[in-house]
Amino acid sequence: MNKKLILIKTEKYVRDKLKNEGSGHDWWHVHRVSNTALSIAKREGADLFIVELGALLHDIADYKFHGGDSTVGPRIASEWLLSLGADKDTLNHIKHIIQHVSFKGAAVKSRMKTLEGKIIQDADRLDAIGAIGIARAFTYGGFRKNQLLYDPSGTIKKHRSFSEYKRKSTASTIHHFYEKLLLLKDLMNTKTGKKLAQHRHAFMERYLKQFFEEWEGRK
Ligand code: ADP
Ligand code: NI
């Protein structure tokens, strides 16, 4: 198994596949997640090959764009890795990571088992918060067409299961902050991830304060 070649080919494959993705899961998201994951991995002493490979493939076929089917991503990734001659352990590890990386609702515990997977999950979640996270949330809201920026009459839902999270659409993009984004800092797996998350979280709180002041015409 030629690790270097697998990484080069996979990067090209993902770049081509996601370059025109318009919901915030585009190639540059993957690129940022890879970089962040690698930098966390170096500090946490994880397997850098698995971390980079898993980060590159983590959004290859998101359930949201495949009728809610979470099995498509792991399947496409394993077909791809088989075609490159990756070994069975690598294949199973990457499949596990893709299967468990996504946020599945406020009250749903993640079943990610390995350090490498936990690091990728932290990096993916870091890209959902802070300045970039705010931009991605509104991009995603616009992509969904009829999702409002904010709707004061809507309620915040604490989703208890993945099916509920998938089924019940959020009242507005600002509601998504309370249903997911502001919860992420306490769900970080690694020490390094937690530290980075605190900084980004504080920025979102400042943003929301200003947002509501403007909403009410106070600032
Ligand atoms: P994960 O990386 O856990 O799979 P998603 O793919 O659900 O997360 O989300 C990707 C990006 O889209 C994140 O930045 C997320 O906050 C945003 N997003 C997801 N659902 C919504 C929503 N209903 N409204 C606004 N933004 C959303
Ligand atoms: Ni992602």
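This is a predicted model: local features need pLDDT of at least 70, side-chain atom pairs count only at pLDDT 80 or more; totals for chains, interfaces and linings use all residues.
1. The side chain of E213 is paired with K209 in a salt bridge whose closest N and O atoms lie 3.2 Å apart. Both residues belong to helix α10 (residues 191-215), and because they are four residues apart there, about one helical turn separates them.

2. The salt bridge between E213 and K209 belongs to a structure that holds seven salt bridges. R218 is joined to E216, with the closest N and O atoms 2.6 Å apart, and R218 counts as exposed at 55% relative accessibility. Elsewhere, salt bridges with shared partners link R32, D127 and R136 into one network.

3. K185 and D186 form a further salt bridge, in which the closest N and O atoms are 3.3 Å apart. The two partners fall into separate accessibility classes: K185 is partly exposed at 24% relative accessibility, whereas D186 is exposed, with a relative accessible area of 58%.

4. Which residues hold the nickel ion (ligand 2)? The coordinating atoms are NE2 of H29, NE2 of H58, and an OD atom from each of D59 and D124, at 2.1 to 2.2 Å. The angles subtended by these four donor atoms run from 83 to 173 degrees, and the arrangement is therefore irregular.

5. Along the sequence, the donors of the nickel ion (ligand 2) follow the spacing H-x28-H-D-x64-D. D59 sits in the loop between α3 (48-57) and α4 (72-83), while D124 is part of helix α6 (residues 115-126), so this pair ties together parts of the chain that are 65 residues apart in sequence. Both D59 and D124 are buried.

6. Just after α4, G85 adopts a positive phi of about 80 degrees.

7. Which residues of α4 are buried? They are V72, G73, P74, A77, S78, W80 and L81. The elements that cover these buried residues include α1 (3-18), α3 and α5 (88-100).

Technical notes: Residues are numbered from 1 along each chain as its sequence is written. Chains are lettered from A and ligands numbered from 1 in the order in which they are written. Side-chain values use heavy atoms; hydrogens and water are left out. Donors are N, O and S atoms within 2.8 Å of the metal (3.2 Å for Na, K and Ca); water is not among the atoms, so sites may look incomplete. Four donors count as tetrahedral if all angles lie between 85 and 135 degrees; four count as square planar and six as octahedral if opposite donors are over 155 degrees apart and all others between 65 and 115; anything else is irregular. Helices (H or I, at least four residues) and strands (E, at least two) are DSSP runs, numbered from the N terminus. Buried means under 20% relative accessible area, exposed over 50%, partly exposed in between (1.4 Å probe, protein chains only). A salt bridge is a side-chain nitrogen of Lys or Arg within 4 Å of a carboxyl oxygen of Asp or Glu. Contact means heavy atoms within 4.5 Å.
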